[in-house]
Amino acid sequence: MKDHIMGKFQLDSGQQITLIRGDLTAQKVDAIVNAANSRLRHAGGVAAMIARKGGPSVNQESRSWLKERGEISHTAPAYTSGGNLPCRYIIHAVGPIWGRGDEDAKLTAAITSSLELAEKLELKSIAFSAISTGIFGFPKKRAARVFYQSFLSYFSTHDDSALKDIRMVVFDSPTSEAFQSVWDKELPA
């Protein structure tokens, strides 16, 4: 699938945020953000695709992380190398399961903690998947608002961030339409 840029805007602090319909695993960025579970089992959805295309090192490094550091959470993502992918790292973020309570705050935490980890790794570019909008059932439009509010909030307090290229990469029509709808209504031109 060829990338289709659906929209972009630049913050006063220099970050460019781009909404892309495309393949997360093809993004040439410093890190991509995987929608993970707390035990880093990449068995379905985006996680399985990332692990498959990234090669065996992604699962090996995930198992090592789990053994050495334990389970991950909304506020504490893991990271592995990108394996065979064109990114340097994969940040594994745990999103909320819809219906378990406090979902907006948990998704905000997953996004913010991924950005913080990217800062610690001294990255300049990052691409997010639509965390929790697949099998975890988070409503797509609601997730789109949380993502963009989280990006705006984070960079308003981190205006000196080295992260300059932030991508929101969506794959299917329902997700891209939901994110596009929110993008058009709520974000600066």
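## Ile126 and the nonpolar cores

In this predicted model, Ile126 is in contact (heavy atoms within 4.5 Å) with Val29, Ala31, Val33, Ile91, Ser114, Leu115, Ala118, Leu163, Asp165, Ile166 and Arg167, leaving aside residues up to four places away in sequence. Together with Phe128 and Phe151, Ile126 has the most contacts inside the largest nonpolar core, a set of 37 residues. Such a core consists of buried Ala, Val, Leu, Ile, Met, Phe, Trp, Tyr and Cys residues joined through side-chain atoms within 4.5 Å; buried means under 20% relative accessible area, with a 1.4 Å probe and protein chains only.

Helix α4 contributes the most to this core, with eight residues. A second, separate core has 12 residues, among them Leu24, Ile32, Ile50 and Val58. In soluble globular proteins, nonpolar side chains tend to be buried together.

Ser150 counts as buried because its relative accessibility is 4%. Residues up to four places away in sequence aside, Ser150 touches Thr108 and Ile111.

Ser113 lies in helix α3, residues 103-120, and is classed as buried at 6% relative accessibility. The Ser113 side chain comes to 2.8 Å from the backbone oxygen of Ala109. Beyond four places in sequence, Ser113 touches His74, Thr75, Ala76 and Pro77.

## The largest pocket

The largest pocket holds about 560 Å³ of space. Its lining has 29 residues, of which Ala35, Gly45, Val46, Ala47 and Gly134 are the closest to the centre. A pocket is an open set of points on a 1 Å grid over the protein atoms alone where a 1.4 Å probe fits, with protein on both sides within 12 Å along at least five of seven lines; lining residues have an atom within 4 Å of a point. The volume is the space filled by probe spheres set on the points, which are joined across faces, edges and corners.

At least two lining residues come from each of β3 (31-36), α1 (45-54) and β7 (165-170). Helix α1 provides the largest share, four residues. By type, the lining comprises 14 nonpolar, 11 polar and four charged residues, where Ala, Val, Leu, Ile, Met, Phe, Trp, Tyr, Cys and Pro count as nonpolar, Asp, Glu, Lys and Arg as charged, and the others, Gly among them, as polar.

## Basis of the values

Residues are numbered from 1 along each chain as its sequence is written, and side-chain values use heavy atoms, without hydrogens or water. As the model is predicted, local features need pLDDT of at least 70 and side-chain atom pairs count only at pLDDT 80 or more, whereas totals for chains, interfaces and linings use all residues.

Methods:
Buried < 20%, exposed > 50% of the residue type's maximum accessible area, 1.4 Å probe, protein only. Polar contact = N/O pair within 3.5 Å; in protein donor to acceptor, adjacent residues only side chain to side chain.
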